[in-house]
Amino acid sequence: MNRPESGGERRTPLTVSMGARRLPNRQSSRQQGSLPTVEEVSAGGVIIRSAATGFDVAIIARYNRGGRLEWCLPKGHPEGAETHEQAALREVAEETGVEGAILTSLGSIEYWFTVPTHRVHKTVHHYLMEAVGGELSIENDPDHEAVDVAWVNMDDLDRTLSFPNERRIVALARQVIDETVQSS
């Protein structure tokens, strides 16, 4: 049975295992940033096909941990000894149903998020890809993370993608495409 200690603090199995009760007006270990950090790496990309105006990009919808629907670029973790490029091609195909060929690297983005037991520092490597086969489908997504998939015109992605860092990756893809077309 937990009994109140002096000062109104309650000792719990957790505070006992930590060796002392929490002091009043002191930040918890979580607030102090002492949660362990886990490094994660993913790879994915901007997969394009010609459209009536410019290019369409295949994007997926998924629910975040809070239950909110987010539209994002397809990506996932490398498996085994996969390179980032191999993981990007596989993940895009699994999450969108579209087979791609890598045209160039678009660089990487990094971000942090916290889950109950740890902080995650995630790096995502992105590639510009050309669609070479397949059809839009989420049926082959082994994690069933994607709940929808769509071709969206590149010019509409600023209003569709949920994350600013992914909108910046698309802007870079657009710049690469424009420079390639101008130099041809």
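Student: What are the ground rules?
Tutor: In this predicted model, local features need pLDDT of at least 70, side-chain atom pairs count only at pLDDT 80 or more, and totals for chains, interfaces and linings use all residues. Residues are numbered from 1 along each chain as its sequence is written, and side-chain values use heavy atoms, with hydrogens and water left out.

Student: Why is β2 called largely enclosed?
Tutor: Buried means under 20% relative accessible area, with exposed over 50% and partly exposed in between (1.4 Å probe, protein chains only). In β2, 7 of the 9 residues are buried, so the rest of the structure largely encloses it.

Student: What makes β2 and β7 a pair?
Tutor: Two strands pair if DSSP finds at least two bridges between them. Strands are DSSP runs (E, at least two residues), helices likewise (H or I, at least four), numbered from the N terminus. β2 and β7 have 7 bridges, in the antiparallel sense, so they pair by that rule.

Student: How many bridges join β2 to β3?
Tutor: 4, and the strands run antiparallel. Ala61 stands opposite Trp71 in β3.

Student: What makes a set of residues a nonpolar core?
Tutor: Its members are buried Ala, Val, Leu, Ile, Met, Phe, Trp, Tyr and Cys residues, joined through side-chain atoms within 4.5 Å. The largest core has 20 residues; Met154 is among those that touch the most other members. α4 gives the most to this core, with 4 residues.
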